[in-house]
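User: I am new to this structure and would like to learn how to read it. Could we go through it one feature at a time?

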Amino acid sequence: MEDRFIFTKYRTTCYNCGKEADQIIKAVPFQAQVLCDNCGATRIFIPRIEDVTKPGSFTKIGCYDLWELVSDAHCRNCNVTGPHDINIGCSHFTVRCRNCGFTHFYKFDLEYIAQCPIEQ
Ligand SMILES: [Zn+2]
Ligand SMILES: [Zn+2]
């Protein structure tokens, strides 16, 4: 399961069904997704850049609240497992290693209402 990278949840009001529900957040090196546990609304993000950056790089003002989360993950740049800052907006998804600053920047790609788990 080395490729799983990020698996976490964020409880908030879903933009699609309008209910307060867990938004399931998964990221692997080739894709990131946010899935509403209630209605199945899914947003897919695809990788654009990987680089060592300062905090806040790539973070743009989105069309709704920016989610700021922290999750433990294994960094393949510094090879340390530790906290990663996750920022999710409507058009971007970034994961940044706190230890070395290595950042995965994903760009919003598509959105659909269904279940499409990342293969494990
Ligand atoms: Zn929903
Ligand atoms: Zn790192």
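User: In which strand does Ile-6 lie?

Analyst: This is a predicted model. Ile-6 lies in strand β1.

User: Is Ile-6 buried, exposed or partly exposed?

Analyst: The way to read this is to count neighbours: a residue is buried if 20 or more other C-beta atoms lie within 10 Å of its own. Ile-6 has 19 other C-beta atoms within 10 Å, so Ile-6 is partly exposed.

User: Which residues does Ile-6 touch, not counting residues up to four places away in sequence?

Analyst: Ile-6 touches Ile-25, Lys-26, Ala-27, Ser-71, Ala-73, His-84, Ile-86 and Val-95. Take His-84 from that list: Ile-6 and His-84 are 78 residues apart in sequence, yet their C-alpha atoms are 8.9 Å apart in space. For the chain, among contacts between residues at least 6 apart in sequence, 47% join residues at least 24 apart.

User: How many helices and strands are there in the chain?

Analyst: The chain has zero helices and eight strands. Its pattern along the sequence is therefore read as β-β-β-β-β-β-β-β.

User: In what order do the strands form the sheet?

Analyst: The general idea comes before the case. Strands of a sheet pair through backbone hydrogen bonds, and the pairing is either parallel or antiparallel. Here, eight strands form an open sheet in the order β1-β2-β3-β4-β8-β7-β6-β5, and the pairing is antiparallel. At the edges stand β1 (6-13) and β5 (67-74); each has a single partner strand, so one side of each is left without a neighbour in the sheet. On average, neighbouring strands of this sheet are turned by 25 degrees against each other, direction ignored.

User: How many bridges join β1 to β2?

Analyst: Eight bridges join these two antiparallel strands, β1 and β2. One position to look at is Lys-9, which stands opposite Ile-24 in β2. The hairpin of β1 and β2 has six residues between the strands, and Gly-18 takes a positive phi near 75 degrees there.

User: How many residues does the hairpin that joins β2 to β3 pass through?

Analyst: That hairpin joins β2 to β3 through two residues. The two strands run antiparallel and are joined by six bridges. Val-28 has Gln-31 in β3 as its bridge partner.

User: Which glycine takes a positive phi in the hairpin of β3 and β4?

Analyst: In that hairpin, with four residues between the strands, Gly-40 has a positive phi near 85 degrees. Four bridges pair β3 with β4 (residues 41-52) in the antiparallel sense. In β4, Thr-42 is the bridge partner of Leu-35.

User: Which residues have the most contacts inside the largest nonpolar core?

Analyst: In soluble globular proteins, nonpolar side chains tend to be buried together. The largest nonpolar core here has 17 residues, and Ala-32, Phe-93 and Tyr-106 have the most contacts inside it. At least two residues of this core come from each of β2 (20-28), β3 (31-36), β6 (81-88), β7 (92-97) and β8 (102-113). With four residues, β3 gives the most to this core. In the chain, buried residues make up 22% of the 120 residues.

User: What does Phe-93 touch, not counting residues up to four places away in sequence?

Analyst: Phe-93 touches Ala-32, Phe-45, Ile-88 and Tyr-106. Ile-88 also stands opposite Phe-93 in β7. Five bridges join β6 to β7, and these strands run antiparallel.

Terms used
Residues are numbered from 1 along each chain as its sequence is written. Chains are lettered from A and ligands numbered from 1 in the order in which they are written. This is a predicted model: local features need pLDDT of at least 70, side-chain atom pairs count only at pLDDT 80 or more; totals for chains, interfaces and linings use all residues. A nonpolar core is a set of buried Ala, Val, Leu, Ile, Met, Phe, Trp, Tyr and Cys residues joined through C-beta atoms within 7 Å. A residue is buried if 20 or more other C-beta atoms lie within 10 Å of its own, exposed if 12 or fewer, and partly exposed in between; C-beta atoms are placed from the backbone. Two residues are in contact if their C-beta atoms, placed from the backbone, lie within 7 Å. Two strands pair if DSSP finds at least two bridges between them. Axes are lines fitted to C-alpha atoms, for helices over the stretch in contact, and angles run from 0 to 180 degrees between N-to-C directions.
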